[in-house]
Amino acid sequence: MPGQVIDRRQVLGGAAALAGAVALGPPAAASDTLKDRAARRGLFYGAAVQVGRLSSDPAYRAAIIRESAVVVPEWEMKWGALEPSRGKPDFARADALMDFAAENGLEVRGHALVWFRHIPPFLTKDLAPEEWRRAMLSHIERTAGRYRGRMLHWDVVNEALEPKDGRPGGFRKAVFGEILGDIYVDEAFHAAQAADPAAKLYYNDYGLDYTDAESEARRRATLAFVEDRVARKVPVHGLGIQAHLQAGRPFDAERYRRFLKDIAATGVEIALTELDVKDRRLPPDIAQRDRAVADHARAFLDAALDERAVKGVVTWGITDRYSWLSATKGSMRDDGLTVRGLPLDDDMQRKPLWHAIAEAFDHAPSR
Ligand code: XIL
């Protein structure tokens with residue numbers, strides 16, 4: 001219900017008001033964290049977490065609690081993780097994250113109900129379309145229903161668009177769409193709303209940030225996608241922009257601002273949901289690399305946070321100790337060095353990127 005949504009936003013707004021009062025005096029060192037710097041402008045800061053590490057690595061756990069107001073499961077709420085065998089869902093790790101968040105006063109972004117990657121092994125092309133549909137809808141009902149009233153956001157559908165595939169509407173050529181028709185997206189949002197009427201429901205995607213023709217096509221398709229859902233009253237409340245950035249890639253701030261403005265004009269809110277910075281084109285020298293990563297993120301954030309529809313920033317991890325960038329082909333460095341794309345280094349120390357994000361929050365207009 002809309003009332004409940006407002007209540008949640010008051011929680012974050014309350015934190016902002018509190019932080020604003022604190023900011024009148026000299027800022028206490030203890031409050032100088034990314035979540036506080038964000039809250040002073042009415043924004044939120046959060047991080048994706050690897051749930052198992054919260055208990056195995058106390059320094060990591062402490063860093064997450066200290067810096068973030070919102071947590072996102074990096075893996076544990078994906079369908080394949082929740083239902084490794086048919087009809088036997090395992091919510092243990094997802095529940096552990098919800099408990100961790102509740103104990104520490106953190107909000108949770110659920111991620112992600114429907115994604116063509118990491119689906120359970122029992123979902124094969126041999127299953128009839130009606131079985132796919134039933135499975136998708138009961139997964140949404142069961143998962144969003146389990147955490148009803150406790151989620152700030154749900155990424156309901158992840159990465160549904162790929163204009164390169166040449167399909168109408170820019171939809172991706174992948175399971176779900178191919179089996180159920182692209183209407184699966186609308187069905188998923190309606191099912192999520194029924195299961196958890198208080199959560200803000202997000203569409204989340206990548207590749208929206210840069211100036212090349214491919215990114216431009218993705219922005220166009222995303223805008224048309226959002227406009228179309230809003231016009232037909234499909235409950236899409238937010239656009240999640242993953243923002244997996246690449247240091248050294250040309251970024252056109254004016255073009256980006258226009259895109260965000262066009263999205264905001266549809267009435268949906270925006271969040272930067274998976275921010276990190278690839279550094280594979282940068283030299284190995286750490287000081288040089290950290291500077292270039294920080295400057296790149298700062299230019300991007302200054303443009304993005306200027307748009308008041310942008311409500312917050314989530315980084316895809318908090319420390320280089322645990323970053324998918326160092327473990328994923330395409331973002332790993334050829335020299336084998338740790339990728340330095342997150343706010344804390346692999347020793348949990350703040351890096352220039354931490355300061356760039358904090359200063360971008362300071363520089364943002366108040367919400
Ligand atoms: C990645 C995680 O970081 C990995 O640990 C996992 O193996 C695969 O997924 N876009 C998304 C995220 O929406 O869910 C992905 O996360 C990164 C790209």
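Trainee: Which residues of α10 are buried?
Mentor: Ser 215, Arg 218, Arg 219, Ala 221, Thr 222, Leu 223, Phe 225, Val 226 and Arg 229. Buried means under 20% relative accessible area, exposed over 50%, and partly exposed in between, with a 1.4 Å probe and protein chains only. Helices (H or I, at least four residues) and strands (E, at least two) are DSSP runs, numbered from the N terminus.

Trainee: Before we go on, what am I looking at?
Mentor: This is a predicted model, where local features need pLDDT of at least 70, side-chain atom pairs count only at pLDDT 80 or more, and totals for chains, interfaces and linings use all residues. Residues are numbered from 1 along each chain as its sequence is written, and side-chain values use heavy atoms, with hydrogens and water left out.

Trainee: Back to α10. What do its buried residues pack against?
Mentor: α9, β5 (200-205), β6 (238-241) and α11. Contact here means heavy atoms within 4.5 Å.

Trainee: How far apart are the end C-alpha atoms of α10?
Mentor: They are 27 Å apart, which agrees with the 27 Å that its 19 residues (213-231) should span at 1.5 Å a residue. The expected span is 1.5 Å times one less than the number of residues.

Trainee: And what follows α10?
Mentor: Lys 233, with a positive phi near 60 degrees.

Trainee: What about α12: how many residues?
Mentor: α12 has 20, residues 286-305. From first C-alpha to last, α12 reaches 27 Å, close to the expected 28 Å.

Trainee: What caps its N-terminal end?
Mentor: Asp 285 caps α12, with a side-chain oxygen 3.4 Å from the backbone nitrogen of Ala 287. A polar contact is a pair of N or O atoms within 3.5 Å; within protein, one must be able to donate a hydrogen and the other to accept it, and residues adjacent in sequence count only if both atoms are side-chain atoms.

Trainee: What covers the buried residues of α12?
Mentor: The cover includes β7 (244-246), α11 (253-265), β8 (269-278), β9 (310-315) and α13 (352-363). Among the buried residues of α12 are Arg 289, Asp 290, Phe 300 and Leu 305.

Trainee: What is Ile 241 in contact with?
Mentor: Leaving aside neighbours within four places in sequence, the contacts of Ile 241 include Leu 208, Tyr 256, Phe 259, Leu 260 and Glu 274.

Trainee: New topic. Which residues surround the ligand?
Mentor: Glu 74, Lys 78, His 111, Trp 115, His 118, Asn 158, Glu 159, Gln 242, His 244, Glu 274, Trp 316 and Trp 324. The cut-off is a heavy atom within 4 Å.

Trainee: Where do polar side-chain atoms of Glu 274 come in?
Mentor: One lies 2.7 Å from an oxygen atom of the ligand. The side chain of Glu 74 has an N or O atom 2.6 Å from a ligand oxygen. For Trp 316, a polar side-chain atom lies 2.9 Å from a ligand oxygen. The protein covers 80% of the 410 Å² of accessible area that the ligand has on its own. Areas come from the Shrake-Rupley method with a 1.4 Å probe; for residues, only the protein chains shown count as cover.

Trainee: Which residues does a cis peptide bond join?
Mentor: His 111 and Ala 112, with omega about -10 degrees. Ala 112 sits in strand β3 (107-115). Most residues other than glycine have a negative phi, and most peptide bonds are trans.

Trainee: What is the phi of His 118?
Mentor: Positive, about 55 degrees, and His 118 is not a glycine. His 118 lies in the loop between β3 and α7 (129-146). His 118 counts as partly exposed because its relative accessibility is 39%.

Trainee: And Met 348: buried or exposed?
Mentor: Buried, because its relative accessible area is 10%. Met 348 lies in the loop between β9 and α13, and its phi is positive too, near 70 degrees.

Trainee: Last one. Where is Glu 83?
Mentor: In the loop between α5 (79-82) and α6 (92-103). Glu 83 is buried, with a relative accessible area of 5%. A polar atom of its side chain lies 2.7 Å from the backbone nitrogen of Gly 87.
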